[in-house]
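Could you walk me through this model, one selection at a time? I have it open in my viewer and would like to know what to click on and what is there.

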Amino acid sequence: MSTPTVAPVEVTPDADVRPTPDDGDHDRFAHYVRKSDLMRGYVEGEAITALCGKKWVPTRDPERYPVCPTCVEIRAAAMREG
Ligand SMILES: [Zn+2]
């Protein structure tokens with residue numbers, strides 16, 4: 001079985017974010033985005049915005065990239081604040 005390259009945090013059922021790959025050609029990270037934004041991106045082909053502010057159109061397999069450290073920090077802070 002394949003495993004994610006990096007899994008620094010658990011994605012809990014009530015966390016409205018999930019790692020999604022950056023489609024840029026320089027820094028390839030999996031970024032956390034809101035599920036609603038991700039689905040819109042897949043369905044409508046619109047650019048979505050990650051927690052860190054990165055914007056791109058989701059197309060790639062998220063397990064192929066390490067998770068964006070900025071997204072991890074922002075998500076962790078949001079989880080702590082509840
Ligand atoms: Zn990010």
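Helices (H or I, at least four residues) and strands (E, at least two) are DSSP runs, numbered from the N terminus. The expected span of a helix is 1.5 Å times one less than its number of residues. This is a predicted model: local features need pLDDT of at least 70, side-chain atom pairs count only at pLDDT 80 or more, and totals for chains, interfaces and linings use all residues. Residues are numbered from 1 along each chain as its sequence is written.

Start by selecting residues 69–81, helix α2. Its 13 residues reach 19 Å from first C-alpha to last, close to the 18 Å expected.

Next, colour C71, V72 and R75, which are buried in α2 (20 or more other C-beta atoms within 10 Å of a residue's own, placed from the backbone; 12 or fewer is exposed, and in between is partly exposed). They sit on the same side of α2 because they cover an arc of only 100° around the axis, taken from the directions from the helix axis to the C-beta atoms. Turn to the face away from the buried side to find the exposed P69, A77, R80 and E81.

Now select Y65, in the loop between β4 (55–56) and α2. Is Y65 buried or exposed? Y65 is buried, with 20 other C-beta atoms within 10 Å.

Finally, click on A50. Beyond its neighbours within four places in sequence, A50 is in contact (C-beta atoms, placed from the backbone, within 7 Å) with H31, Y32, V33, C68 and C71.

Definitions and conventions
Two residues are in contact if their C-beta atoms, placed from the backbone, lie within 7 Å.
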